[in-house]
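Thanks for asking me to look this one over. Here are a few notes to read alongside the structure.

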Amino acid sequence: MSNSNPANPVEGIKAASNFLRGTLQESLLDGATGTITEPDTQLSKFHGIYQQDDRDVRENRRRQKLEPDHSFMIRARVPGGICTPQQWLALDAIATDWANHSLRLTTRQAFQFHGVLKRDLKNSIRAINDSLMDTIAACGDVNRNVMCTALPELSKLHTQVYAVAAAVSEHLTPNTRAYHEIWLDKKKVADSKDSEPIYGDLYLPRKFKMAFAIPPYNDVDVLAHDLGFVATQQEGELTGFTITVGGGMGATHGDPTTYPKLAEALGWCRPEQVNEVSEAIVTIQRDFGNRESRKHARFKYTVEKLGLAWIREELERRLGYPVEQAQPFNFTHNGDEFGWRQSDDGLSHLLLFTQNGRLADTEFATQLSGMREIARLHQGDFRLTANQNVVIANVTDDQIPVIDALAAQHGLDSYKQLSNIRLHSIACVALPTCGQAMAEAERYLPELIDKIEKQLESHQLLDQAITLRMTGCPNGCARPYLAEIGLVGKAPGRFNLHLGAAFEGTRLNRMILENANEEEILAALDALFKEYSANKVAGEYFGDYFVRTRQESSFEEVSDV
């Protein structure tokens with residue numbers, strides 16, 4: 001395959017980039033425009049940056065013969081979603097000094113800044129680095145932010161699993177010095193040559209995502225990932241991980257050759273083997289992934305094409321030893337448990353709801369300021385969840401009333417009053433900044449939930465936990481295909497309605513309405529809520545009821561391994 005294949009020009013850009021340098025330095029110095037060149041736009045993703053523009057004003061600016069209102073999204077990599085109060089304060093300062101005065105908590109346990117101008121990119125990234133965090137590999141065709149179940153209640157086991165997750169995140173970080181030269185002004189060492197022993201000079205065919213889960217909790221949706229590790233334990237001690245491969249959410253409207261897929265169990269490994277197992281699987285994808293078509297370049301398509309048995313055989317060949325059989329696991333819970341919890345070490349943890357992950361000061365609540373005040377006195381750490389929420393972790397007894405008071409003062413305790421469906425909802429950013437968005441998500445979902453809540457209340461279902469996820473396009477950043485109710489943007493004001501996923505994240509949903517408007521979506525849901533309320537059995541989730549009463553064979557499901 002030629003690196004300049006016109007069907008996939010990104011491969012040529014990577015090949016010519018000199019290990020991700022490209023002409024980023026020159027683009028940043030060009031003060032005549034708020035944008036960077038197209039090749040540099042592709043390369044900047046590896047540095048944790050997406051170039052965007054405000055689509056709300058795009059057409060008006062075009063009429064005025066002005067370039068689009070360009071800005072940049074920066075994503076800070078946070079392995080396992082854990083950061084210190086000092087790091088939180090540093091990120092808060094970046095959000096208020098150089099971004100749009102909000103912090104976005106992502107579905108991958110990372111932070112995002114929106115609205116950063118080109119002239120402020122370097123200052124922002126340097127400030128992130130000064131806080132002992134970085135943005136390298138937060139985007140791009142590499143292993144992204146490594147996720148880990150946020151379970152502070154199980155302090156000893158969580159600490160063990162998190163340590164493994166953090167170690168593999170470091171192990172799979174790109175080796176290039178380009179990041180340090182461009183953003184931190186580090187001089188290139190004379191006569192030194194970059195090398196990428198894991199990724200090679202073309203890196204991966206597409207992005208690669210990993211997650212660690214601790215049963216029975218599946219808050220990270222581990223089966224939605226290219227590579228997953230499901231913890232096994234004995235008497236509270238970590239013994240190893242069942243390895244899962246080939247999951248992924250992305251699809252393309254109208255193209256049946258693209259689809260979401262659940263990961264499959266491949267084998268089992270000990271904690272000390274995770275780095276070498278991960279490296280071997282990443283290099284399998286490097287060598288055999290599809291570099292012709294980016295739509296088909298995720299690892300799930302490699303697994304589908306070559307087969308699970310082949311992947312296992314090749315993994316064992318690269319490791320030089322056999323992989324043990326997968327150990328059983330069972331998930332019973334997905335989502336976050338809000339409020340205070342105490343761990344076995346006597347410390348307490350407060351899980352707060354953040355609607356669609358956006359922390360900002362508004363006329364209704366001053367949540368960004370509230371978290372700032374808490375960070376100034378908090379002596380533990382913060383933990384981002386995969387559902388766009390935040391845990392104030394490791395709180396001593398004397399700090400509980402102080403943190404409680406600040407949460408109430410700044411509107412951070414909304415979880416006490418909200419419905420279960422809102423507490424189990426997530427949305428991607430979508431419009432106006434995401435270039436892939438076909439419809440609204442973050443800005444629209446809250447008002448749609450207002451209407452859904454009225455339906456649920458009329459059918460005596462307001463206390464029922466139901467997962468609801470919305471994305472502005474089929475790429476699936478908010479994992480809509482694993483929601484009991486999934487809404488995938490098709491066009492302005494129109495969505496594909498998907499129903500029937502398992503609450504615990506072990507079964508995909510399927511589309512029941514295509515290109516539907518709000519009236520059609522609400523009518524379909526109202527009829528189903530009425531039916532569900534009248535006919536569900538005790539303890540039956542909405543998604544399970546839908547599958548039980550429809551064509552069960554049309555759903556992809558992973559049973560207990």
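Contact here means heavy atoms within 4.5 Å. Please keep in mind that this is a predicted model.

1. Let's start with a helix pair. In the contact of α10 with α11, F299, V303 and L306 come from α10, and L308, W310 and I311 from α11. These residues divide into six nonpolar, no polar and no charged.

2. How do these two helices cross? Two packed helices are described by the angle between their axes and the distance between the axes. For α10 (residues 299-306) and α11 (residues 308-319), the axes come within 6 Å and cross at roughly 105°. Angles of 65 to 115 degrees count as roughly perpendicular, so that is the term for α10 and α11.

3. Next, have a look at strand β2 (residues 70-76), where seven of seven residues are buried. In a regular strand the side chains alternate between the two faces of the sheet. From β2, H70, F72, I74 and A76 point one way, while S71, M73 and R75 point the other way.

4. Which strands pair with β2? Strand β1 (residues 49-53) is joined to β2 by five bridges and runs antiparallel, with Y50 opposite M73. Strand β5 (residues 111-116) is also antiparallel to β2, through four bridges; there F113 is the bridge partner of I74.

5. Finally, there is an open, antiparallel sheet of five strands, in the order β3-β14-β15-β12-β11. Its edges are β3 (82-83) and β11 (339-342); each has a single partner strand, so one side of each lacks a neighbour in the sheet. Within this sheet, four bridges link β14 (residues 381-384) and β15 (residues 390-395), and R383 sits opposite V391 of β15.

Definitions and conventions:
Residues are numbered from 1 along each chain as its sequence is written. This is a predicted model: local features need pLDDT of at least 70, side-chain atom pairs count only at pLDDT 80 or more; totals for chains, interfaces and linings use all residues. Side-chain values use heavy atoms; hydrogens and water are left out. Axes are lines fitted to C-alpha atoms, for helices over the stretch in contact, and angles run from 0 to 180 degrees between N-to-C directions. Helices (H or I, at least four residues) and strands (E, at least two) are DSSP runs, numbered from the N terminus. Angles under 35 degrees count as roughly parallel, over 145 as roughly antiparallel, 65 to 115 as roughly perpendicular and the rest as oblique. Ala, Val, Leu, Ile, Met, Phe, Trp, Tyr, Cys and Pro count as nonpolar, Asp, Glu, Lys and Arg as charged, and the others, Gly among them, as polar. Two strands pair if DSSP finds at least two bridges between them. Buried means under 20% relative accessible area, exposed over 50%, partly exposed in between (1.4 Å probe, protein chains only).
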